[in-house]
Amino acid sequence: MSNSTMNCGQAKRLLPPFLDEELSGRVREIVSTHLASCPACRAELEALRTDVGLLEQVRTPEVSPFLVTRVMAEIRERRRTAPQGFARLLRSLAAALMVAVSIGIGVWFGSGLAQTFTPVAENSTEAAVGYVESSTIGVYSLMLGGD
Amino acid sequence: MAAFEELVRRHQQGLFSYLYRMCRNSSDAEETAQAAMVRAWEKLATFRGASSFKTWLYRIGTNLCLNLRMRRKPTEELCETMAAPDVERPDAEYRQKVREETVRRALECLPDDQRAALVLLVYEDMSYKEIAETLGKTVRAVDSLLFRAKANVRKALAEDRAKGVI
């Protein structure tokens, strides 16, 4: 499109926004100038206008007179049943506490299990030390480098 | 609450009509309109006034309607060829009814986004900018949607025009 003229292809692309009054002033002027001298594009514009006119004739039913009542009733019900303010805060804290307790229980159980599976070597060493301390033969063995 | 109720009263018919053309039946349109208004109430704190309340409300309605359509299988294929109307009947009321049904069918056969844009333009008198806000698109995208929508409506009506139905 040059600064002041356009061809039919360009004009036809712009006819819908032209009809909808969505074109900027300068572009609108250029389209208008083209339409003034182009019967084919004028006919296309009229066809578009006719289509819109047909669409406008398609009616819809009336909305139910009870819609507003139903909307407001639902809103009031949701407000009534939703936790409000301090009650909502208490619920959040209770939920956080439950999570913390669950984690704590898990850690506690984990520690208990670790003690059940104490390495054998530690117990054997203590048992061996106890035997040596309480056994004369054991002391002599150690002095002599025995097992 | 009283102020919100007033907003509901002001927008109920427009919203319902828009959703009727999108959902294709009254009960879905009413259900969606009600859900949209309740959702708007719940999200009122997030409405920052960047768009008008109407475009914001219609956007909620559009999303709910499209979600509903995705979840449901259509019970009727509305884009199939209807039985040929009796174009010889002289009574004006019948002919008007046929014309209306024909055009309604052409509109309902459009893809959802094209139909939404065209309905908002023709019936809600929205600007391209308002349509863009409602549908969450750019103005350029709306311009493209409307161009294709009008071309598709023309194409859908061409055969009926040739038969003299419209």
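**What the terms rest on**

Modeller: Let us begin with the buried residues of α3(B), which pack against α1, α2 (26–42), α5 (112–122) and α6 of chain B. Please keep in mind that this is a predicted model, in which local features need pLDDT of at least 70 and side-chain atom pairs count only at pLDDT 80 or more, while totals for chains, interfaces and linings use all residues. Residues are numbered from 1 along each chain as its sequence is written, and chains are lettered from A and ligands numbered from 1 in the order in which they are written.

Colleague: Which residues of α3(B) are buried?

Modeller: In α3(B) they are B:Thr55, B:Trp56, B:Leu57, B:Tyr58, B:Ile60, B:Gly61, B:Thr62, B:Leu64 and B:Cys65. The word buried asks for 20 or more other C-beta atoms within 10 Å of a residue's own, exposed means 12 or fewer, and partly exposed is in between, with the C-beta atoms placed from the backbone.

Colleague: What makes B:Ala29 buried or exposed?

Modeller: B:Ala29, in helix α2 of chain B, has 25 other C-beta atoms within 10 Å and is therefore buried. Leaving aside residues up to four places away in sequence, B:Ala29 touches B:Phe16, B:Leu19, B:Tyr20 and B:Cys23, where a contact is a pair of residues whose C-beta atoms, again placed from the backbone, lie within 7 Å.

Colleague: Why is B:Val38 called partly exposed?

Modeller: B:Val38, which is also found in helix α2 of chain B, has 19 other C-beta atoms within 10 Å and is therefore partly exposed. With residues up to four places away in sequence left out, B:Val38 touches A:Val71, A:Glu74 and A:Ile75.

Colleague: What does the contact between the two chains take from each of them?

Modeller: Chain A gives 23 residues and chain B gives 30 residues. In chain A, the helices α1 (8–19), α3 (39–56) and α4 (67–81) each supply at least two residues of the side that touches chain B, and the largest share, seven residues, comes from α4(A). By class, that side of chain A has 14 nonpolar, three polar and six charged residues; here Ala, Val, Leu, Ile, Met, Phe, Trp, Tyr, Cys and Pro count as nonpolar, Asp, Glu, Lys and Arg as charged, and the others, Gly among them, as polar.

Colleague: How many helices and strands does each chain have?

Modeller: Chain A has seven helices and zero strands, and chain B likewise comes to seven helices and zero strands. Both kinds of element are DSSP runs numbered from the N terminus, with at least four residues of H or I for a helix and at least two of E for a strand. Buried residues make up 12% of the 147 residues in chain A, while 36% of the 166 residues of chain B count as buried.

Colleague: What span is expected for α3(B), and what span does α3(B) reach?

Modeller: The expected span is 1.5 Å times one less than the number of residues. For α3(B), with 19 residues, the expected value is 27 Å, and the helix reaches 27 Å from its first C-alpha to its last.

Colleague: Why are α6(B) and α7(B) called roughly perpendicular?

Modeller: Helix α6 (residues 128–135) and helix α7 (residues 139–163) of chain B pack at an angle of about 100°, with their axes 8 Å apart. Angles under 35 degrees count as roughly parallel, over 145 as roughly antiparallel, 65 to 115 as roughly perpendicular and the rest as oblique, and therefore this pair is roughly perpendicular. Such axes are lines fitted to C-alpha atoms, for helices over the stretch in contact, and the angles run from 0 to 180 degrees between N-to-C directions.

Colleague: Which residues meet in α6(B) and α7(B)?

Modeller: B:Tyr128, B:Lys129, B:Ile131 and B:Ala132 in α6(B) meet B:Val139, B:Val142 and B:Asp143 in α7(B). These residues divide into five nonpolar, no polar and two charged.
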